[in-house]
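Here are a few notes to read alongside the model. Have the sequence open as you go.

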Amino acid sequence: MDVIINHNESLFLNVERINGTSYQVCYAAPPNIVSDGLWAGELARRIPMKSSLPLFELQVLVIFAITQICNFFLKHLDFPQFISQMIAGLILGPSIQIEALDNYKKMLLPYGSQDTLATISAVGFALFVFTTGVQMDLSMVTRTGHKAWTIAIIGIAAPFIICLSTVDFLVGKFDSHFQGEAYEIPVVVLSQTVISFAVTASLLKELKILNSELGRLALSSVLVGDILGTTMACIANVLFSRSGLKEISVLMMSLIAFLIFVPLVCRPAMFWIIKHTPEGRPVDESYIYIIIIMVFAFGWFSVQIHQEFIIGVFVLGLAVPEGPPLGSALVTKLQLFGTKILLPLYVTCNVMKADFSLTYSSTSILAVGFFIVYTHLIKMTACTITALFCKIPLKDALTLGLILNCKGVVDVGLFNGLYDEKAISSQTYGVMVISIMIIACIVKWSVKILYDPSRKYAGYQKRNIMNLKPDSDLRIVACLHKQNNITAITDVLDLCSPSTEHPIIVDVLHLIELVGRTTPIFISHRLQRTVSGAHKSYSDDVILAFDLFEHDNRGAATAHIYTAISPPSLMHEDVCQLALDKVASIIILPFHKKWSIDGGIESDDKNIRSLNCKVLEVAPCSVGILVSRFSLQNNSFIQLAMVYLGGKDDREALCLAKRAVKNPRINLVVYHLTPEEHVPNMEYILDNEALHEVKNPHNGLDNVSYQRITVNDGPETSAILRDLAYQHDFFIVGRRHGLESPQTEGLTNWSEFSELGVIGDLLASPDFESRAGVLVVQQQVKD
């Protein structure tokens with residue numbers, strides 16, 4: 001294309017055309033960075049519109065103004081956030097040609113200024129990629145298991161194989177119709193197949209389902225796919241570097257050495273920084289600046305070994321431990337400058353290269369458009385079918401398939417790189433830019449329609465005690481608010497009978513109400529050391545108590561302590577999130593009331609009750625509400641009772657009771673309250689199966705006894721429980737919320753605390769004047 005450059009529309013002092021493609025330019029040396037100002041008059045040699053810094057500032061101001069104006073209108077229609085940045089690029093680029101507007105665009109973006117704008121904004125993209133790597137939790141892949149790997153691999157392999165086979169078939173059959181697009185279409189297919197962690201995380205954050213089970217599965221799958229795609233891209237860059245065999249070998253060895261050096265040297269160094277950061281204090285600023293310098297150093301090194309600049313940046317980001325104190329400090333430091341300021345400029349600059357004023361071939365548009373749609377349909381179908389085979393509900397599987405097809409900021413950078421490398425033409429680049437906008441909008445709108453955010457913690461696997469394998473660890477999230485909860489929690493953990501054959505892993509969460517600050521914090525006491533003297537930990541007593549518990553049960557129990565400081569209305573998010581992260585089987589929550597020895601109310605916290613009720617509604621695993629009255633004696637025999645009426649909650653409670661009797665100091669009595677007449681159904685069969693082991697006198701459990709008691713109505717049940725309350729030290733019962741049965745007829749209306757269920761409410765009532773503790777169990781809620 002014949003380009004005509006006018007020196008008045010450039011940063012150069014003079015431009016003379018030599019021939020059709022060459023120009024002789026004259027520019028100031030050193031170049032004008034700052035101007036003499038608007039009021040310098042005729043003597044000014046450095047006018048603002050010919051000086052780099054004032055012009056850059058004006059460009060940034062105009063781009064942000066257009067972006068914010070577009071975003072103001074688009075956000076009400078629920079468009080993705082980056083769409084306004086892309087529209088700003090289309091407005092400022094050559095695509096929209098209005099004579100009155102073109103003169104201002106030439107003044108704003110003179111020839112030679114785009115390089116400065118693109119270079120500075122590319123720094124923002126590099127920082128964005130780095131912070132994305134920092135926020136990646138690689139352990140998420142192992143925790144999610146085979147689902148993430150299966151969905152990711154099939155989601156990449158299926159469209160890759162099917163679409164490239166289709167390309168080969170169609171190009172071979174209709175070669176004359178494809179003309180110059182034949183070599184571009186495989187590139188288009190490959191670029192549409194790859195998935196980006198940053199794009200998916202941004203979408204899930206906008207939809208506010210980042211911490212949901214579906215969101216975590218999507219992130220795990222994308223994480224696997226992103227790392228596999230990046231690895232294959234690195235290898236391809238080396239193999240297709242147009243070098244000799246010796247140089248390729250050197251480049252490959254350098255790449256392998258780099259990938260080994262970062263996790264083996266840099267990551268331990270990051271943990272050393274965390275270890276030497278006092279608990280609750282920010283990371284030393286000098287460490288932050290050293291890591292930022294390393295970001296650009298690693299990017300430079302990756303270019304030297306024939307890789308993209310962002311590869312080295314991304315790998316270093318993966319080496320930084322996510323979360324507080326180091327990961328969150330880096331993200332906070334770089335997010336404003338990198339993500340909020342420079343990244344929108346990067347998106348706008350890249351989209352400005354798309355020129356829709358050119359003559360577009362209908363064949364080119366149809367061919368590229370067809371394969372973009374075809375690739376995404378194949379990918380979405382593959383992901384959805386794979387998710388269904390992983391026993392994910394149809395609606396969630398379809399939602400997951402859509403999420404794994406989203407496009408965003410990273411794809412803009414990827415397509416721009418392909419265009420700069422001349423792998424695709426300007427027409428193809430324009431179609432692909434528009435495809436990003438269309439696909440991003442369709443995915444976001446469709447997911448909002450399909451996914452119900454109230455199911456945020458709905459699980460796709462059974463997380464309860466009943467479905468644990470015999471040799472599995474019992475994972476427990478134990479919550480506490482005050483010091484008097486510590487003894488009660490450790491008593492319940494002792495009832496779980498930890499042993500080397502049947503160990504327990506306890507994640508203790510100390511919940512503190514957020515007062516005097518605006519930002520909630522979450523502290524892992526395993527990562528940061530506590531500094532004595534000047535700084536006292538929020539949870540010193542908790543840490544000491546559970547360190548002693550772990551010491552007393554060496555090899556049988558492992559305790560991890562966390563502190564969450566957040567508003568009462570959001571505490572349930574911390575609890576459920578930790579249970580989801582740690583794949584817990586049960587959450588133990590203290591009851592909101594605490595009674596004194598004489599039966600009076602010692603404490604009554606409505607916020608704790610609200611927390612318990614919210615957790616019962618949305619927990620990703622089973623839940624136990626603990627009513628404690630006095631401490632169990634460690635050296636004495638414990639009289640444990642299980643009141644069994646039937647239902648899934650009672651079966652879950654029975655599983656916990658049966659685990660307790662592995663300790664010979666615990667004597668268990670199972671009281672089976674049954675009506676005179678019963679209707680045989682599936683629940684009745686499941687109840688009998690669950691009770692079979694405790695009914696059988698030859699089961700080898702000498703410390704277990706079974707008593708069947710016939711009751712006809714609620715008053716009889718209440719009278720029996722009143723007698724039993726004085727005979728035992730501790731009760732385990734099921735919540736049985738919403739279940740109607742003859743044994744509890746007439747009692748539901750008298751229940752004061754619905755979170756305890758009918759039986760638990762009776763046993764916890766001060767009217768019984770019992771000193772026995774009660775654990776009310778609700779099995780995992782699955783919908």
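1. Strand β3 (residues 474–480) runs parallel to strand β7 (residues 586–590), and three bridges join the two. Ala-478 has Ile-588 as its bridge partner in β7. Strands here are DSSP E runs of at least two residues, helices are H or I runs of at least four, and both are numbered from the N terminus; two strands pair if DSSP finds at least two bridges between them.

2. A word on the source: this is a predicted model, where local features need pLDDT of at least 70 and side-chain atom pairs count only at pLDDT 80 or more, while totals for chains, interfaces and linings use all residues. Residues are numbered from 1 along each chain as its sequence is written, and side-chain values use heavy atoms, with hydrogens and water left out.

3. Back to β3, which also pairs with β4 in the parallel sense, over seven bridges. Ile-476 sits opposite Val-506 of β4. Together, β3, α19 and β4 form a right-handed β-α-β unit: with the strands pointing away from you, the path from the first strand over the helix to the second runs clockwise. Six of the seven residues of β3 are buried, so the strand is largely enclosed by the rest of the structure. Buried means under 20% relative accessible area, exposed over 50%, and partly exposed in between (1.4 Å probe, protein chains only).

4. Have a look at Ser-497, in the loop between α19 (484–495) and β4 (504–513). Its phi is positive, about 50 degrees, though Ser-497 is not a glycine. Most residues other than glycine have a negative phi. Ser-497 counts as buried because its relative accessibility is 6%.

5. Asp-78 also has a positive phi, near 65 degrees. It lies in the loop between α1 (52–74) and α2 (83–92). At 22% relative accessibility, Asp-78 counts as partly exposed.

6. Which residues touch the most other members of the largest nonpolar core? They are Met-86, Leu-400 and Val-447, in a core of 62 residues. (A nonpolar core is a set of buried Ala, Val, Leu, Ile, Met, Phe, Trp, Tyr and Cys residues joined through side-chain atoms within 4.5 Å.) Helix α18 (residues 426–450) supplies the largest share of this core, eleven residues. A second, separate core has 48 residues, including Val-575 and Val-774.

7. Finally, helix α24 (residues 682–695) bends by about 25 degrees at Glu-689, the angle between axes fitted to the seven residues ending there and the seven starting there. Its buried residues are Asp-687, Ala-690, Leu-691 and Val-694.

Note on methods
Expected span 1.5 Å × (residues − 1).
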